[in-house]
Amino acid sequence: NIKGFAFDMDGVLADTAKFHSIAWRQIAEEVGTTWTPELAENLKGIDRMGSLDLILTTGGMADEYDLAAREALATKKNDNYRNLISELTPDDALPGMREFLAELKAAGYKMSIASASKNAGFIVDRLGISDYFEAIVDPASVAAGKPDPAIFKAAADVLNLAPEEVIGLEDSGAGIQSINGAGEMSVGIGDADALSDADILFASTKDVTLANIKANWPK
Ligand code: B16
Ligand code: MG
């Protein structure tokens, strides 16, 4: 019996995945890692230092940057990213998601956010949707980031719900692993290959409605 929804933010609620990509691409080119669509897809949902590690490993340079050098690169990325998101407005919510949130609220479902981003609070405020959520899980409070289940487990806990009562929504393969590992029903939005383990898949946020989810409810 579903009673709540746990939302990823970047790429599900906010049209910000493109800004993460722009900012990481600059770092990749600076260190000499070739930027590919596959790398861009694999970075989705991965926390900041984990993303940098993946960029360095992909370029075969994991040993060449010590902790201080990594922190400097991560800070540079976040400064660029903060610049890109500084002017976000309510129009930067992904198509259909504001309507979906309103629909869920009217139907009495509880909602939380399970984002890997330390910028989640800022973005949700800029989009003007913070009132829909009982809580934003602090990614620093969970032991391990996506694909570990911890963050989506916490997103059910903050709603006082069991995982079986929660549906999680994600645009990343790592996020779908996290939802499935937490024992929640998973809704993937985006690339069919990256999200092949999702219980329900939509190509676009425009397709995400309660009726469309119920129509695909696994038996
Ligand atoms: P920050 P999500 C994730 O957000 C992004 O998908 C990922 O690209 C980013 O590296 C991560 O947040 C950390 O973000 O650097 O802002 O703390 O998709 O989990 O909402
Ligand atoms: Mg995401």
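Donors, for this tour, are N, O and S atoms within 2.8 Å of the metal (3.2 Å for Na, K and Ca); water is not among the atoms, so sites may look incomplete. What you have open is a predicted model, where local features need pLDDT of at least 70, side-chain atom pairs count only at pLDDT 80 or more, and totals for chains, interfaces and linings use all residues. Residues are numbered from 1 along each chain as its sequence is written, chains are lettered from A and ligands numbered from 1 in the order in which they are written, and side-chain values use heavy atoms, with hydrogens and water left out.

**Stop 1: the metal**

Select ligand 2, the magnesium ion. Which residues coordinate the magnesium ion? Asp8 (OD), Asp10 (O) and Asp171 (OD) do, at 2.1 to 2.2 Å. Along the chain, these donors follow the spacing D-x1-D-x160-D. Click on aspartate 8 and aspartate 10: both are buried (buried means under 20% relative accessible area, exposed over 50%, partly exposed in between, with a 1.4 Å probe and protein chains only).

**Stop 2: ligand 1**

A polar side-chain atom of aspartate 8 lies 2.8 Å from an oxygen atom of ligand 1. How many residues surround ligand 1? There are 18, and the closest are Asp10, Arg48, Ser115, Ser117 and Asn119 (a residue counts if one of its heavy atoms lies within 4 Å).

**Stop 3: lysine 146**

Next, select lysine 146, in the loop between β3 (135–136) and α7 (150–157). Helices (H or I, at least four residues) and strands (E, at least two) are DSSP runs, numbered from the N terminus. Lysine 146 has a relative accessible area of 5%, so it counts as buried.

**Stop 4: helix α1 and its end**

Now colour helix α1, residues 17–31. Its 15 residues should span 21 Å at 1.5 Å a residue, and its end C-alpha atoms are 21 Å apart, which agrees (the expected span is 1.5 Å times one less than the number of residues). Its buried residues, including Phe19, Trp24 and Ile27, pack against α2 (37–43), α3 (48–58) and α4 (67–85). Step just past α1 to glycine 32, with its positive phi of about 95°.

Then pick threonine 33, in the loop between α1 and α2. Is threonine 33 buried or exposed? At 4% relative accessibility, it counts as buried. A polar atom of its side chain lies 2.8 Å from the backbone oxygen of isoleucine 55.

Note on methods: Contact = heavy atoms within 4.5 Å. Polar contact = N/O pair within 3.5 Å; in protein donor to acceptor, adjacent residues only side chain to side chain.
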